[in-house]
Amino acid sequence: MSERKKLRKNIFVNLSTSVVLILSFSFLLFPVYWILTMALKTNPDILTYPPKFIFQPVIKGFQYILGLAKIVGATGVSAGVESWFLVGIKNSIIVVVSTILISLAVGLPAAYVLARTKLKSKENIAFTILTFRFAPPLLVIMPLYLLFSRIGLYNTYISLIWVYQLISLPMIVWIVRGYMEEIPMEIEQAGMVDGYSRIWIFFRLILPLAKGGIAAATLLAFIYCWNNFIFGMILAAVYVQPVTVQATRYLTPDAIMFREIAAICIGAALPLLILSIFLQRYLISGMSMGAIKR
Amino acid sequence: MPKISLKNITKKFEKVVALNNLSVEINDGEFFIILGPSGAGKTTFLKVIAGLENPENGEIYFDGDSINNITTAKRDVALTFEDYSLYPHFTVFNNIAAPLKSSASKNKYNTKQIREKVDKIAKMLNINHLLDRLPSELSGGQKQRVALGRALIKEPKVLLLDEPLAHVDAKIRNQLRTEFHFLREKFQTTTIYTSHDYKEAISLGDRVMFLNKGEIQQIGIPEIIYNFPKNTIVALNVGWPEINLFDCSVNSKNSQLYCPKGDFVFNISGNILKLLEIYGKSEYLVGARPHHISFSEKPSDVYNLKAICGTSEVLDNQLVFYAKIKNLDLTILVNDPDLSLIYKQELWLSFDDQSLIFFDKETNENIKLKE
């Protein structure tokens with residue numbers, strides 16, 4: 001192929017790759033973009049057809065969900081609005097962070113044991129933990145509601161933290177177990193020969209070397225727990241429900257407050273974004289197993 | 001610097017028997033080498049002594065005290081692994097210092113003392129310029145030295161080295177082998193060193209134990225292992241090039257041996273004949289080391305076995321070539337690298353009958369070592 005033809009082929013390949021990538025990203029990110037613009041539009045703009053891409057943005061939606069707006073009644077008396085967003089964020093943080101901490105405290109040692117033990121029932125136990133994720137939440141929600149009400153756990157943080165383990169524990173155990181299986185037994189044996197206890201070996205050798213897996217599992221578990229809707233809606237009432245359920249506060253009898261719902265979606269996604277950025281460096285670091293010859 | 005005794009040690013992994021009823025005694029301060037091919041059980045042997053694997057059967061004694069129930073941390077042994085097993089996320093300094101900071105050392109050393117000890121060992125092993133590096137930034141030879149430093153720093157009672165030179169470049173290997181001689185003199189610890197390379201074994205060992213498939217084939221000083229191998233397995237694995245082995249039958253009347261594969265006879269002296277007659281059998285497996293076969297380009301009374309020359313190879317200052325007598329392939333080693341042999345040239349060979357090794361055809365055992 002001549003030089004000119006090669007150059008043309010190169011440009012064509014690069015151009016078409018870029019076009020495909022731009023189209024894919026546009027398709028995938030469009031809903032995010034749309035919600036973002038919806039949070040900034042006036043109600044007429046939201047509902048109009050054909051849809052408006054260029055509009056005058058307003059920040060009333062965000063002010064409203066943060067409780068910074070005021071309602072003026074017919075008699076001229078103004079009242080503040082409650083910030084369901086902040087209530088929801090507070091609940092989400094309490095519930096999900098506690099869930100993750102408990103899942104890590106239980107799941108990391110479990111992952112270690114499941115990675116190392118020679119018990120014949122090892123795979124059975126691991127699979128059983130995985131099956132927790134198979135149960136559709138809608139299937140178990142009714143029995144759970146009846147059970148928790150009866151033992152007085154309706155509308156408590158504990159009930160949510162407990163139930164959320166169904167989501168986070170299998171993820172942490174399975175993902176971290178895979179990473180721990182990759183750590184050669186010889187490193188632990190070197191630690192034992194050097195005179196260290198199994199506990200020291202677990203905290204100072206195994207966990208640091210499984211850092212990548214722990215970060216990945218934590219992030220995934222966090223996202224799935226944070227995004228959960230059904231457990232919060234049924235097992236808790238207003239002041240315990242997480243931010244996902246608080247969006248329903250804006251489905252009022254008067255009107256469906258599209259803008260405020262969009263705003264709360266954006267607000268609910270922000271903590272996840274921040275967490276991803278924070279954990280990203282652990283995900284990328286991987287394991288420097290250059291100390292072991294492969 | 002204890003004397004180590006193993007009595008009837010058996011270690012199984014599921015169905016595989018890694019160590020089969022081993023009993024051996026290793027002397028105080030001895031540099032004891034375990035020689036054997038891959039899969040022989042050398043690493044398992046070391047791990048059993050270290051306490052990282054528990055034997056199904058048998059006892060281990062240090063200076064007469066049973067250590068079967070003592071955990072690894074308290075046995076005061078050091079082990080270097082074949083793949084070094086350095087802590088990947090610790091610097092070289094922290095890798096070497098690790099044994100001094102463990103609970104087993106009962107916090108005996110303060111920071112300053114640890115610093116001094118690490119510097120001293122690092123200097124001795126020529127790695128003091130690498131102390132801030134991570135293991136992933138080191139070469140094979142450097143990693144090996146760090147692993148050694150980590151093992152030596154706690155001045156253990158027993159030093160276990162698992163194929164330390166196996167994955168190191170040839171040039172560094174020679175260098176490190178010299179260092180092992182030096183370390184041996186300096187530390188006088190009871191040392192058990194495993195290898196699949198018989199040259200290392202012969203060079204470094206006070207005594208050598210040949211292990212194959214979990215069973216001890218022979219234990220003895222290097223000279224004995226080389227000159228009086230107990231069976232064909234030991235003979236084939238010790239010595240380069242590999243010993244020539246072929247069947248022969250005895251003709252007492254003519255004081256000759258007949259080899260059916262090569263269809264030739266050769267004379268043997270009276271004392272050899274007597275040895276064979278005392279043993280009693282009429283057929284033997286004969287072993288001839290490559291440097292005990294001589295040749296001439298012209299036939300004579302002594303050089304009377306006609307052979308066709310095959311390919312040849314010059315290594316260092318030696319010449320190795322292959323020759324064929326009818327259907328029998330032989331390897332021959334000569335100290336004259338300048339000799340030029342032509343492929344398919346005719347040569348006349350002679351065996352040095354005094355240096356031949358005779359093995360019983362059924363048991364594969366050296367008849368000279370039969371009690």
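Student: What covers the buried residues of H2(B)?

Tutor: The cover includes helix H3 (111-124) and helix H4 (140-152) of chain B. Helices (H or I, at least four residues) and strands (E, at least two) are DSSP runs numbered from the N terminus, and contact means heavy atoms within 4.5 Å. This is a predicted model, in which local features need pLDDT of at least 70 and side-chain atom pairs count only at pLDDT 80 or more, while totals for chains, interfaces and linings use all residues. Residues are numbered from 1 along each chain as its sequence is written, chains are lettered from A and ligands numbered from 1 in the order in which they are written, and side-chain values use heavy atoms, without hydrogens and water.

Student: How many of the residues of helix H2 of chain B are buried?

Tutor: Buried means under 20% relative accessible area, exposed over 50%, and partly exposed in between (1.4 Å probe, protein chains only). Helix H2 of chain B, residues 92-101, has eight of its 10 residues buried and is thus mostly covered. Among them are B:Val92, B:Phe93, B:Ile96 and B:Leu100; B:Asn95 is also on the buried list.

Student: Is B:Gln144 buried or exposed, and which residues is B:Gln144 in contact with beyond four places in sequence?

Tutor: B:Gln144, which lies in helix H4 of chain B, is buried, because its relative accessible area is 1%. Leaving aside neighbours within four places in sequence, B:Gln144 is in contact with B:Tyr84, B:Pro164, B:Leu165 and B:Leu176.

Student: How many residues does each chain give to the contact between chain B and chain A, and what area is buried there?

Tutor: The size of an interface is often given as the accessible area lost when the parts come together. Here chain B gives 29 residues and chain A gives 22 residues. The buried area (accessible area, 1.4 Å probe, that two parts lose on being put together, summed over both) is about 2,200 Å², with 61% from carbon and sulfur atoms. On the chain B side, B:Tyr87, B:Pro88 and B:His89 lose the most area to chain A, together 25% of what that side buries.

Student: What radius of gyration does chain A have?

Tutor: The radius is taken over C-alpha atoms, and the globule rule is 2.2 Å times the number of residues to the power 0.38. Chain A has 25 Å, whereas a compact globule of 294 residues would have a value near 19 Å. The C-alpha trace of chain A spans about 80 × 80 × 35 Å along its principal axes. Its secondary structure comprises 13 helices and two strands, and 40% of the 294 residues in chain A are buried. Of the contacts in chain A between residues at least 6 apart in sequence, 71% join residues at least 24 apart.
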